[in-house]
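Subject: Structure for your review

Dear colleague,

Please find below the structure that I am handing over to you. My notes on what was found in it follow directly after.

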Amino acid sequence: MTSNDTPRTPHPYIGMWVTADGFIRQELLPNGRYDEARGNRASAYTGRYTVTGSHIDYVDDTGFTATGDVRNGVLFHEHLVLYREGELNTPVRAAR
């Protein structure tokens, strides 16, 4: 293994984020893509994202843009408030 092959620690924001009611589930993937499900509609929104500090910029595959900020472990994404899936006092992923 060369120094270029050294595995990277995944970004701390990677993973599933959910609203308190579990209706919206947004997964931030390690490849810079996101996949957002709403209710029973899997992949309702997909696109790419970039992280700068605690700020996230989203560009949907249709060209729509949005932003988010992580504060105290909570993701504030436009009008949504999302929590890490499985964290204390947060919901478990809704059935698909």
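E36 counts as buried because its relative accessibility is 3%, which is under the 20% limit for that class. Please note that this value, like every other in this message, comes from a predicted model. E36 is found in strand 3, which covers residues 33–38. Its side chain makes a polar contact of 2.8 Å with the side chain of Q26. Beyond its neighbours within four places in sequence, E36 is in contact with I24, R25, Q26, S43, A44, Y45 and H77.

The overall fold

The protein has eight strands and zero helices, so that the pattern read along the sequence is β-β-β-β-β-β-β-β. These eight strands close into a barrel in the order 1-2-3-4-5-6-7-8, and their pairing is antiparallel. On average, and with direction ignored, neighbouring strands of this sheet are turned by 30° against each other.

Strand 2 and strand 3 run antiparallel and are joined by five bridges. Among the residues concerned is L28, whose bridge partner in strand 3 is Y34.

For the protein as a whole, 34% of its 96 residues count as buried. The accessible surface comes to about 6,200 Å², and carbon and sulfur atoms account for 51% of it. Of the contacts with a separation of 6 or more, 34% are between residues 24 or more positions apart.

The nonpolar core

The largest nonpolar core has 13 residues, and those with the most contacts inside it are W17, L28, I56, Y58 and L75. At least two residues of this core are supplied by each of strand 2 (24–28), strand 5 (55–60), strand 6 (65–71) and strand 8 (80–84). As a general matter, nonpolar side chains in soluble globular proteins tend to be buried together.

L75 shows how one member of the core is surrounded. Not counting residues up to four places away in sequence, L75 touches W17, Q26, I56, Y58, G68, D69, V70, L80, V81 and L82. Of these, W17, I56 and Y58 are also listed with L75 among the residues with the most contacts inside the core. Q26, another residue that L75 touches, is the polar partner of E36 described above.

D60 in strand 5

Is D60 buried or exposed? D60 counts as buried, because its relative accessibility is 7%. This residue is found in strand 5. The side chains of D60 and T62 are joined by a polar contact of 2.7 Å. With its neighbours within four places in sequence left aside, D60 is in contact with Y34, Y45, T46 and G47. The C-alpha atoms of D60 and G47 are 4.1 Å apart in space, although the two residues are 13 residues apart in sequence. Y34, one of the contacts of D60, is also the bridge partner of L28, and Y45 is a contact of D60 as well as of E36.

Most residues other than glycine have a negative phi.

S43 has a positive phi of about 50° although it is not a glycine. S43 lies in strand 4, residues 41–52, and counts as partly exposed because its relative accessibility is 39%. A polar contact of 2.9 Å joins its side chain to that of D35. Leaving aside neighbours within four places in sequence, S43 is in contact with D35, E36 and A37. The C-alpha atoms of S43 and R25 are separated by 9.5 Å, and these residues are 18 residues apart along the chain.

N72 likewise is not a glycine and has a positive phi, of about 55°. Where is N72 found? N72 is found in the loop between strand 6 and strand 7, the latter covering 74–77. With a relative accessibility of 82%, N72 counts as exposed.

With kind regards

Technical notes. Residues are numbered from 1 along each chain as its sequence is written. This is a predicted model: local features need pLDDT of at least 70, side-chain atom pairs count only at pLDDT 80 or more; totals for chains, interfaces and linings use all residues. Side-chain values use heavy atoms; hydrogens and water are left out. Helices (H or I, at least four residues) and strands (E, at least two) are DSSP runs, numbered from the N terminus. Buried means under 20% relative accessible area, exposed over 50%, partly exposed in between (1.4 Å probe, protein chains only). A polar contact is a pair of N or O atoms within 3.5 Å; within protein, one must be able to donate a hydrogen and the other to accept it, and residues adjacent in sequence count only if both atoms are side-chain atoms. Contact means heavy atoms within 4.5 Å. A nonpolar core is a set of buried Ala, Val, Leu, Ile, Met, Phe, Trp, Tyr and Cys residues joined through side-chain atoms within 4.5 Å. Two strands pair if DSSP finds at least two bridges between them. Axes are lines fitted to C-alpha atoms, for helices over the stretch in contact, and angles run from 0 to 180 degrees between N-to-C directions. Accessible areas come from the Shrake-Rupley method with a 1.4 Å probe; for residues, only the protein chains shown count as cover.
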